[in-house]
Amino acid sequence: MDSKMPYSLLKENIKKYVEISNEELDTICSFFKPQIIKKKEFLLTQGDIYKFEGFVIEGCFRVFTIDKKGNENVLYFASKDWWVMDIDSFMNQKPSHLNIQALEDSKVFLIHRTNKLALYESLPIVEKLFRVMSQKALVAWQRRLIRNNTYSARERYLHFTRTYPNIATKLTDKQIASYLGITHEFLSKIKKQA
């Protein structure tokens, strides 16, 4: 990937969360390094310590765990203009419980933990940025938990495909079923009824 790749998508994403000067945006972006992740390649493997946070420029990732029986449980998918991370491993520097895998050839901007911490010290707006982002992410998790506990499997499927049509078209039925917490066979029945 060209190291001079434009940071316009990252800048636009940041501006969704905070009012910020162009100079501050340039400073923040200078700490992010471009990386290409090939299809099926892992950005993070369960048990490793996550030292980066990523912003997806192109492609799609799945963030998942593997339980003791070998079953995959998808927490979320990250596509263009999304952040991809394991916040627990990143912040606490503990082995991750997550895997982050590219579902297609993907491009990301990565920021190393030490660089993020340095930005916190040098630019106070960065703390506000990531605080607001964390709050919005927490709201999204809360809403998903509520949907998982109150929506039927069919309603969850319809919500997912309507809310994230660009992501849903990139996924296998098995991946969608894992995200919804249902079996592949049950998803097939739901799709026949939809």
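**Figure 1. Strands β2 and β7 pair in the antiparallel sense through 2 bridges.** Strand β7 covers residues 99–102, and Phe42 stands opposite Gln101 in β7. Helices (H or I, at least four residues) and strands (E, at least two) are DSSP runs, numbered from the N terminus. Two strands pair if DSSP finds at least two bridges between them. The model is predicted: local features need pLDDT of at least 70, side-chain atom pairs count only at pLDDT 80 or more, and totals for chains, interfaces and linings use all residues. Residues are numbered from 1 along each chain as its sequence is written, and side-chain values use heavy atoms, with hydrogens and water left out.

**Figure 2. An open sheet of 4 strands runs in the order β2-β7-β4-β5.** Its pairing is antiparallel. The edges are held by β2 (42–44) and β5, each with a single partner strand, so one side of each has no neighbour in the sheet. From one strand to the next the twist averages 25°; axes are lines fitted to C-alpha atoms, for helices over the stretch in contact, and angles run from 0 to 180 degrees between N-to-C directions. Between β4 and β5 there are 7 bridges in the antiparallel sense, and the bridge partner of Phe61 in β5 is Ala78. The hairpin of β4 and β5 has 5 residues between the strands, and in this hairpin Gly70 takes a positive phi near 90°.

**Figure 3. Helix α8 lies across β4 and β5 and meets α9.** Helix α8 (residues 173–180) runs at about 105° to β5. The axes of α8 and helix α9 (residues 184–193) come within 9 Å and cross at roughly 100°. That makes α8 roughly perpendicular to α9; angles under 35 degrees count as roughly parallel, over 145 as roughly antiparallel, 65 to 115 as roughly perpendicular and the rest as oblique. Asp173, Lys174, Ile176, Ala177 and Leu180 in α8 are in contact (heavy atoms within 4.5 Å) with His184, Leu187 and Lys191 in α9. By class, the residues of this contact are 4 nonpolar, 1 polar and 3 charged. Here Ala, Val, Leu, Ile, Met, Phe, Trp, Tyr, Cys and Pro count as nonpolar, Asp, Glu, Lys and Arg as charged, and the others, Gly among them, as polar.

Figure 4. Strand β3 (residues 52–58) is joined to strand β8 (residues 106–112) by 6 bridges, and in β8 the bridge partner of Glu58 is Lys107.

**Figure 5. Helices α1 and α2 cross at roughly 120°.** The axes of α1 (residues 8–15) and α2 (residues 22–29) come within 10 Å. That makes α1 oblique to α2. Leu10, Lys11, Ile14 and Lys15 in α1 meet Leu25, Asp26, Ile28 and Cys29 in α2. This contact has 5 nonpolar, no polar and 3 charged residues.
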